[in-house]
Amino acid sequence: MKKIISIVGARPNFIKLAALSTVLEKHFDHVIIHTGQHYDYGLSQNFFDELLIQQPNYNLSVGSQDRHDQISKIRKGCEKILIKEKPDIVMIYGDTNSSLGGAEAAFETKIPIAHVEAGVRCFDDTMPEEINRKTIDKISNILFCPTEISIENLRSEGVVENVYLVGDTMHDALLRIKLNLSILKVTGVKPKKYYFATIHRQKNTNHIRRLEILLKVFSKLDKKVIFPLHPRTKKVLLKLKNNFKNINLIEPLNFGNSISLQKHSKMILTDSGGVQKEAYYLKVPCLTLRNTTEWPETVKSGWNKLVDDDENKILYYSKKFVPPKRHPSYFGKGHVAPKIINILKEYLYDK
Ligand code: UD1
């Protein structure tokens, strides 16, 4: 049986792996390396338990540190395991430091790399995720793209071989979730009577003033803001003495509760790539707290507005956002896993 190793380490990696894990396990000898980039229960093990992802075979426990040290530790740790395990393919998910470190390890040990969510670009090289994506795509052997635009991005960079349009694995993960209203009760909100917000991008957390501006705007919104806190954001928030009104800060959510709270919110305010897409699937208007996006389709269709940290825009759209009637399926219709399995088999057996 052919062997496939998946390398993951952070929350968005786990969600992308969720839709594939059980099928990979069925068709291949599937081994999982967890880099340990995310280590808090709420950001890591929670997702394996909830989404029934096969438990990792290895955990590198790299933890948090400077980006370059983190990537280098991940690369070295993965290299040792790849040399021992000798997989036929290494699967990489998305654009985190774990994705890049894992891809570099596979490249160094000459093992073919399959990249899930290839070709995604926001054209902002100040974001570590953008550098990670571009580097991973350059060294990947099989590129699984979620959208037509991601295929086009790769084409314009001269990458055309083994590029496949498969759709979005995060959509598959979302389709498996049972929405529930109990988390709304626990949080003390009623459907469509609150905003859902997430902030964790370096751009918004490394500049304390920017985060303060955003929180001040949130406190002026006409409804309560439910705000699950990423540990990075929590650290910065603790430095702000201000007690912001109208904002309900909560612990990181599991996937089901996050999707349920998003689905029933009046509007989503976020700087996350994944949440922008989830807002689109759930047909909830989205304000993106950045001036770029990985998902231009959501903006073009009118479901997502790039508002950056502009108070006037945020307050304006919080009242005047009319959800469009059109909702094209830019990201496929789910069922990505069987497509990916067939392509992997073709690559492994038809050569
Ligand atoms: C990473 C990804 C980002 C993704 C996000 C989702 C990169 C470059 N970025 O960012 O694309 O959207 O995950 O969550 O890989 N921390 C904890 N506990 C944890 C994990 C992190 O307290 O379990 C703290 C650390 O102290 C660290 C901070 O969070 O200072 C940031 O962690 P890091 O691994 O750098 O990346 P994320 O910001 O989580």
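An oxygen atom of the ligand is placed 2.9 Å from an N or O atom in the side chain of Gln37, a polar contact in the sense of a pair of N or O atoms within 3.5 Å. The model is predicted, with local features needing pLDDT of at least 70 and side-chain atom pairs counting only at pLDDT 80 or more, while totals for chains, interfaces and linings use all residues. Residues are numbered from 1 along each chain as its sequence is written, and side-chain values use heavy atoms, with hydrogens and water left out.

**Ligand contacts and cover**

- A polar side-chain atom of Arg11 lies 3.4 Å from an oxygen atom of the ligand, and a polar backbone atom of Asn97 is 2.8 Å from an oxygen atom of the ligand.
- The protein buries 89% of the 750 Å² that the ligand exposes when taken alone (Shrake-Rupley method, 1.4 Å probe).

**Shell around the ligand**

- Of the 19 residues around the ligand, those that come nearest are His38, Tyr39, Asp40, His230 and Lys235, where a residue counts if one of its heavy atoms lies within 4 Å.
- Helices α1 (11-27) and α11 (231-239) are the elements that give two or more residues to this shell, and the largest share, three residues, comes from α11.

**Helix α16**

- Helix α16 (residues 336-349) has 14 residues and reaches 20 Å from its first C-alpha to its last, close to the 20 Å expected at 1.5 Å a residue.
- Its buried residues (under 20% relative accessible area, 1.4 Å probe, protein chains only) are Val336, Ala337, Ile340, Ile341, Ile343, Leu344, Tyr347 and Leu348.
- These residues cover an arc of only 165° around the axis, which puts them on the same side of α16.

Terms used: Helix = DSSP H or I, 4+ residues; strand = E, 2+ residues; numbered from the N terminus. Expected span 1.5 Å × (residues − 1). Buried < 20%, exposed > 50% of the residue type's maximum accessible area, 1.4 Å probe, protein only. Arc of directions from axis to C-beta. Polar contact = N/O pair within 3.5 Å; in protein donor to acceptor, adjacent residues only side chain to side chain.
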